[in-house]
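Please look over the sequence and the 3D view below. A short tour follows, one region at a time.

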Amino acid sequence: MVRHPRIVLLGLPGSGKGTQAALIAGKFGVPTFSSGEYFRNLRREGKLPAEIATKINAGGLVSDEDVNIIVAESFLSTQGAQAGFVLDGYPRTVAQATFLDQYLAKQNLSLTAVVDVDIPVETAFQRISGRRVCPADGSTYNIYYSRPEKDGLCNICGSPLIQREDDREESVQTRIATYEGITRSLGSYYAAQGKFVVVDGTRDPEAVFSEIQEALNDPA
Ligand code: AMP
């Protein structure tokens with residue numbers, strides 16, 4: 001089994017990166033960091049700076065400088081990159097990828113693999129724009145794939161479901177366009193390092209995870 005892997009997950013919003021990050025983290029005993037989740041936590045605590053909130057709500061990217069500092073200071077330096085990690089949603093630009101490579105190189109480290117959880121654009125659109133969440137208990141639904149028993153209400157606690165601001169159609173269009181226009185190019189950046197692996201994200205999460213393990217030379 002690969003020990004202490006350092007893994008980056010790429011993929012359109014809705015590709016299931018978060019689910020795979022949790023499975024990898026559980027199997028290999030490494031911590032995971034989601035930059036999107038980090039921002040959502042800040043928002044919940046009322047600590048998300050207004051200019052960052054505006055960018056996120058519109059579906060755009062937070063500046064490279066801000067995200068690099070957050071990932072380095074809030075995650076990599078506290079967890080210790082030596083022990084391995086899974087990054088979900090970072091890097092998203094070549095400038096971020098270069099920063100990460102240089103950060104690791106200073107410790108004589110490098111990434112183990114970069115996994116692209118690949119889904120078609122239409123699937124991404126339905127999975128995200130159809131998502132509804134319960135503000136009380138965090139459970140999630142999808143109006144296309146997993147509707148609540150009663151329209152618009154949480155199955156568990158009955159609270160009215162909401163749609164995340166950045167899950168609205170216009171934001172999702174922008175998030176997908178941003179991925180295609182900017183983040184997609186990381187594929188060739190990492191392929192040039194021989195680290196890029198593509199897995200089929202349309203399959204069920206366990207099948208996707210098996211494919212990732214095979215790619216990491218650790219058959220299920
Ligand atoms: P996610 O949940 O990963 O889709 O992230 C939600 C939002 O947070 C994104 O649409 C961006 O606005 C912002 N964000 C998260 N990670 C990054 C990053 N690495 N670079 C720039 N913006 C980011």
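This is a predicted model. The tour starts at the ligand. A polar side-chain atom of glutamine 96 lies 3.0 Å from a nitrogen atom of the ligand. Where is glutamine 96 found? Glutamine 96 belongs to helix α5, residues 94–105. Is glutamine 96 buried or exposed? Its relative accessible area is 2%, so glutamine 96 is buried. The cut-off for buried is under 20%. Glutamine 96 also has neighbours from other stretches of the chain. Leaving out residues up to four places away in sequence, glutamine 96 touches Val62, Asp64, Val67, Asn68, Tyr90 and Pro91.

**Around the ligand**

How many residues surround the ligand? There are 15, and the closest are Ser35, Arg40, Gly60, Gly89 and Arg92.

Five strands form an open sheet, in the order β2-β3-β1-β4-β7, and the pairing is parallel. Which strands sit at the edges? They are β2 (32–34) and β7 (196–200), and each of them pairs on one side only. From one strand to the next, the twist averages 20 degrees. Helix α9, residues 205–215, packs on this sheet and touches β4 and β7. The direction of α9 makes about 155 degrees with that of β7.

Now take the pairs of strands one by one. The table lists three of them, each with residues that stand opposite one another.

| Strand pair | Bridges | Residues opposite each other |
|---|---|---|
| β2 and β3, parallel | three | threonine 32 and valine 86 |
| β1 and β3, parallel | four | valine 8 and leucine 87 |

Strand β3 covers residues 85–88.

**Aromatic rings**

A pair of aromatic rings is described by the distance of the centres and the angle of the planes. How many aromatic pairs does a search of the whole structure find? It finds seven. One of them joins phenylalanine 33 and phenylalanine 75. This pair is stacked, with 5.1 Å centre to centre and 25 degrees between the planes. Phenylalanine 33 lies in strand β2 and phenylalanine 75 in helix α4 (residues 64–79), so the pair ties together parts that are 42 residues apart in sequence. Both residues are out of the open. Phenylalanine 33 counts as buried because its relative accessibility is 9%. Phenylalanine 75 counts as buried too, at 3%.

Tyrosine 38 and phenylalanine 39 form an edge-to-face pair. Their centres are 5.9 Å apart, with 75 degrees between the planes. Tyrosine 38 is partly exposed, at 24% relative accessible area, whereas phenylalanine 39 is buried, at 8%.

Which rings are linked into a cluster? Ring pairs join Phe33, Tyr38, Phe39, Phe75 and Phe85.

Two more places complete the tour. Helix α6 spans residues 121–129. Which of its residues are buried? Thr123, Ala124, Phe125, Ile128 and Ser129 are. The cover over the buried residues of α6 includes β5 (131–133) and α7 (169–181).

Glycine 158 is in the loop between β6 (140–142) and α7. With a relative accessible area of 39%, glycine 158 is partly exposed. Glycine 158 and cysteine 134 are 24 residues apart in sequence. In space, they are 8.7 Å apart, C-alpha to C-alpha.

Terms used. Residues numbered from 1 in each chain as written. Predicted model: local features only at pLDDT ≥ 70, side-chain atom pairs only at ≥ 80, totals over all residues. Heavy atoms only, no water. Pairing = 2+ DSSP bridges. Helix = DSSP H or I, 4+ residues; strand = E, 2+ residues; numbered from the N terminus. Axes fitted to C-alpha atoms, helices over the stretch in contact; angles between N-to-C directions. Contact = heavy atoms within 4.5 Å. Buried < 20%, exposed > 50% of the residue type's maximum accessible area, 1.4 Å probe, protein only. Phe/Tyr/Trp six-rings, centres within 6.5 Å; stacked < 30°, edge-to-face > 60°. Near = heavy atom within 4 Å. Polar contact = N/O pair within 3.5 Å; in protein donor to acceptor, adjacent residues only side chain to side chain.
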